[in-house]
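Reader: I am new to this structure and would like to go through it in questions and answers. Please show it before we start.

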Amino acid sequence: MAKILWNNEIINEEEVKIGYEDRGYQFGDGIYEVIKIYNSNVFTAEEHIDRLYASADKIQLVIPYTKDVMHKMIHDLIETNEVENGQIYLQVTRGTSPRQHNFPTPEVESVLTAYTKETSRPLTQLENGVKACFVEDIRWLRCDIKSLNLLGNVLAKQEAISKDCYEAIQHRGEIITEGSSSNVYGIKDGVLYTHPVNNLILNGITRKVILDCCAEVGLEVVEEAFTKEQALAMDEMIMSSTSTEVMPIISIDGQHIGNGKRGEWTVKLQQAFEQKIPSSIGL
């Protein structure tokens, strides 16, 4: 039976009791991270934990553990559950208190929950690519915060699934922002374009790794927003997230991107990305 990290204890999953007035449950008042595990090693753990604490600062949420303690607790959880390849999900809510919209007074202690899951890499999709569709971005204006308020993302993803697509490419008006659970990039004439980091997108950890990979393979990067029309005219399109790595997008709303197959730059980025993870599996 899998163990769960509950505050600063590792316990059996049936022992976890979520308070009915937990602010994460009632308001989505909290933050989260998903971190990839390769060969029992946590990938880019420092970057993910740094972002968790940055999100906490942005919503004035106090995490009652130092970053060093947080790192040790998640490593202990992975070791306890003997996870080889998968991911760890962790979230922190503002805690449990009588329901009111403003912060609890007096202040209550936040609640940390984390669990692990075995997952395999999406190798078939990484080679063959996936389909996407355009969906209007209806989310709030602080997408830079990795908060628990994900209903807009959920609705976008569900629309994609209902259209037999893997991902929803969100846009505000004509401008592409990001996917429902990913960052999005277009490649045209040897240049990679991606929305600049601001309040309209989450600065993905995998995004940062991909930009490093671009430098290594000689692919110029322009952090500049592009339109739906420009997206359809790209030579290649990719999306990225903790679980999808460097994922080719081969069509949008039924229209092929490039030749409708994984492109040459995408392959180079996938290969460069693989060199950065603890256990490489050839594509």
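Reader: How many charged residues are in the lining of the second largest pocket?
Author: This is a predicted model, in which local features need pLDDT of at least 70, side-chain atom pairs count only at pLDDT 80 or more, and totals for chains, interfaces and linings use all residues. Residues are numbered from 1 along each chain as its sequence is written, and side-chain values use heavy atoms, with hydrogens and water left out. A pocket is an open set of points on a 1 Å grid over the protein atoms alone, where a 1.4 Å probe fits, with protein on both sides within 12 Å along at least five of seven lines; lining residues have an atom within 4 Å of a point. With Ala, Val, Leu, Ile, Met, Phe, Trp, Tyr, Cys and Pro as nonpolar, Asp, Glu, Lys and Arg as charged, and the others, Gly among them, as polar, the lining of the second largest pocket has four nonpolar residues, five polar and, as charged residues, three.

Reader: What is the volume of the second largest pocket?
Author: Residues that line the second largest pocket include Arg23, Asp29, His101 and Trp140. A volume is the space filled by probe spheres set on the grid points, which are joined across faces, edges and corners. For the second largest pocket, the volume is about 220 Å³.

Reader: How far apart are the closest N and O atoms of Asp29 and Arg23?
Author: Asp29 counts as buried at 11% relative accessibility, and so does Arg23 at 3% (buried is under 20% relative accessible area, exposed over 50%, partly exposed in between, with a 1.4 Å probe and protein chains only). Asp29 and Arg23 form a salt bridge, defined as a side-chain nitrogen of Lys or Arg within 4 Å of a carboxyl oxygen of Asp or Glu. The distance between their closest N and O atoms is 2.8 Å.

Reader: Which residue forms a salt bridge with Glu33?
Author: In the salt bridge of Glu33, the closest N and O atoms are 2.7 Å apart. Glu33 lies in strand S3 (residues 30–38) and the partner in helix H2 (residues 45–58), so the pair ties together parts that are 18 residues apart in sequence; helices (H or I, at least four residues) and strands (E, at least two) are DSSP runs, numbered from the N terminus. The partner of Glu33 is Arg51.

Reader: Is Lys58, in its salt bridge with Asp144, buried or partly exposed?
Author: The side chains of Asp144 and Lys58 meet at 3.0 Å, N to O. Asp144 lies in the loop between strand S7 (130–136) and helix H5 (151–162) and Lys58 in helix H2, so the pair ties together parts that are 86 residues apart in sequence. Asp144 is buried, with a relative accessible area of 14%. Lys58, at 40% relative accessibility, counts as partly exposed.

Reader: How many salt bridges does the structure hold?
Author: Side chains of opposite charge can pair when their charged atoms come close. In this model, Asp137, Arg139, Arg172 and Glu178 are linked in a network of salt bridges. For the structure, the number of salt bridges is 18.

Reader: Which element gives the most residues to the lining of the largest pocket?
Author: The largest pocket has a volume of about 960 Å³. Of its 41 lining residues, the closest to the centre are Tyr32, Lys146, Leu150, Ser180 and Ser181. The elements that give two or more residues to this lining include S3, H2 and strand S9 (175–179). With six residues, the element that gives the most is H5.

Reader: What distance separates the centres of domain 1 and domain 2?
Author: The domain assignment gives domain 1 (3–118) and domain 2 (123–276), with bounds from an automatic or database domain assignment. The contact between them (heavy atoms within 4.5 Å) takes 23 residues from domain 1 and 18 residues from domain 2. Taken over C-alpha atoms, the centres are separated by 27 Å.

Reader: In which helix is the place of Thr266?
Author: Thr266 counts as buried, at 1% relative accessibility. Leaving aside neighbours within four places in sequence, Thr266 is in contact with Ile187, Glu236, Ile238, Val246 and Pro248. The place of Thr266 is in helix H8.
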